[in-house]
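The following exercises ask the reader to work through a protein model step by step.

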Amino acid sequence: MPSKANNGVGVQVEDTKICVVMVGLPARGKSYIAQIAQRYLQWLSIPAQTFNVGNYRRNDAPQPTADFFDTNNAEGERKRRAAAEAAVADMLAWFRSGGVVGILDATNSTKERRRWVTDTCSANGVEVLFVESKCDDEDIIMANIRDVKATSPDYRGQDPDEAAQDFRNRIGNYEKIYKTIDADGDEDAYTYLKLMDVGKQVIINRIQDYLQSRIVYYLMNLHIRPRSVWLSRHGESQYNLDGRIGGDTLLSQRGELYARKLPELARESVGDDRPLTVWTSTLKRTIATARFLPQHYNQLQWKALDELDSGVCDGLTYQEIKDRYPDDFAARDEDKYNYRYRGGESYRDVVIRLEPIIMELERSEDILIVTHQAVLRCIYAYFMKKDQAKSPWMNVPLHTLIKLTPRAYGTEEVRYEANIPAVSTWRGKGSTAKHENPTPESL
């Protein structure tokens, strides 16, 4: 009977290993799906890694033209095959070192390639879950082409129009050999998920266990349309001025100034006509911060976005916590991500309650979230693939609007400063029991 180990966020990680194999033509969002699946699993503390075959191929062909991908190009075929073999070999070695979910990011567009991956993984005790992204929506394909030519290493420094045409030609070469996963033939025995036209239709076949189901449920909620997420803390609060944590206090005078400035920052970043939905917590300071945003922004309040519950320490300063609960103060410094306040929460607990928020974010278009320091640290860590152990020490300053735009090769970040003074609410590990100026590594 296989043993199971709980990763602490409600996910039973079985000792079977799963290879998620991406399938589909270029410009169908495969790399984007692979990246966000990896960051989701890592966010849940499940060891996950993406193995992008293109990165291995670039060792031999850094910036190839479309001809490299022609089926009649024997040398190109040899190099592409070698890159796939190197990626799979590294993935299997990673599984042996404790990896749980490996994501093989490539077109895997022929039955022969999929059979080879299946046989190789099966021989090494690794389950295979195929994820095929099919899309015939020309607008979405063109948006993905624009994204790829702007962000892919294959087209770095090249003329945008020439890059777009070359990428079109590359897609044409793959279309000659591409075979969708055959649900009625010899591939019916495979475990797979098909995402058709950005989730308009979803086909699931032979999902085997809990972890596979968890991955599939997450991927079913994704869309590959371009969008951004905006993050802001509430304006400076009365408790911030006093150096106290938690509570449900009102904004300070400077916090009020930020609330009035936030619509200007949003217009600068979002634009006047772009529809936006605003999410806040249920606490007074976030609702007050969002109250001057344009009327056509739909606003929703989420209990799941409330600040980390500090239990018996709610309303105390760090010095008071250190004086009253010295052992707890030291324990939290030692492992801030897992430490749970007496009668309260840990950062790990916050991640658990934020999972529905993340699912809804992935289903949605453009969202502005106005919430609290600990909650924003967890959301920011999700989008930027930050180490969970380090995320509670990140500096998320007051009076700053952060724009995050997920891309196929990472998430772009832009910060908009309100230039309204505010106290620092950051405290470094093992430092004084007071809020202080952040260190460079926390920024």
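The exercises below concern a predicted model, and each task is followed by a worked solution.

**Exercise 1. The surroundings of His-234**

Task: Locate His-234 in the chain, decide whether this residue is buried or exposed, and find a polar partner for its side chain.

Solution. 
Step 1. His-234 belongs to the loop that runs between β9 (229–233) and α8 (238–242).
Step 2. The relative accessibility of His-234 is 2%. Buried means under 20%, so His-234 counts as buried.
Step 3. Leaving aside neighbours within four places in sequence, the contacts of His-234 include Asn-240, Arg-285, Thr-289, His-372 and Leu-398.
Step 4. With Arg-285, the side chain of His-234 makes a polar contact, side chain to side chain, at 3.2 Å.

**Exercise 2. The surroundings of Glu-307**

Task: Locate Glu-307 and identify the backbone atom that its side chain reaches.

Solution. 
Step 1. Glu-307 is found in the loop between β11 (298–301) and α11 (318–324).
Step 2. Not counting residues up to four places away in sequence, Glu-307 touches several residues, among them Leu-283, Glu-345, Arg-353 and Gln-373.
Step 3. The backbone nitrogen of Gln-373 is reached by the side chain of Glu-307 at 3.5 Å.

**Exercise 3. Aromatic pairs**

Task: State how many aromatic pairs the structure holds, then classify the pair of Tyr-155 and Phe-167 and that of Trp-279 and Trp-302.

Solution. 
Step 1. There are 11 aromatic pairs in the structure.
Step 2. In the pair of Tyr-155 and Phe-167, the ring centres are 6.0 Å apart and the planes stand at 80°, so the arrangement is edge-to-face.
Step 3. Tyr-155 lies in the loop between α5 (138–151) and α6 (160–175), while Phe-167 lies in helix α6, 12 residues apart.
Step 4. Tyr-155 counts as buried at 2% relative accessibility, as does Phe-167 at 5%.
Step 5. Trp-279 and Trp-302 form a tilted pair, with 5.0 Å from centre to centre and 50° between the planes.
Step 6. Since Trp-279 is in strand β10 (residues 277–280) and Trp-302 in the loop between β11 and α11, the pair ties together parts 23 residues apart in sequence.
Step 7. Trp-279 is buried, with a relative accessible area of 2%, whereas Trp-302 is partly exposed at 21%.

**Exercise 4. Further aromatic residues**

Task: Find which residues are linked into a cluster by ring pairs, which arginine lies over the face of Trp-116, and what the side chain of Trp-426 reaches.

Solution. 
Step 1. Trp-43, Tyr-382 and Phe-383 are linked into a cluster by ring pairs.
Step 2. Arg-81 lies over the face of Trp-116, at 4.6 Å from the ring centre. Arg-427 is placed over the face of Tyr-318, at 5.1 Å from the ring centre.
Step 3. Trp-426 is in the segment after β14 (410–417) and is buried, with a relative accessible area of 4%.
Step 4. The side chain of Trp-426 reaches the backbone oxygen of Trp-393 at 2.8 Å.

Notes. Residues numbered from 1 in each chain as written. Predicted model: local features only at pLDDT ≥ 70, side-chain atom pairs only at ≥ 80, totals over all residues. Heavy atoms only, no water. Helix = DSSP H or I, 4+ residues; strand = E, 2+ residues; numbered from the N terminus. Buried < 20%, exposed > 50% of the residue type's maximum accessible area, 1.4 Å probe, protein only. Contact = heavy atoms within 4.5 Å. Polar contact = N/O pair within 3.5 Å; in protein donor to acceptor, adjacent residues only side chain to side chain. Phe/Tyr/Trp six-rings, centres within 6.5 Å; stacked < 30°, edge-to-face > 60°. Lys NZ or Arg CZ within 6 Å of the ring centre and 35° of its normal.
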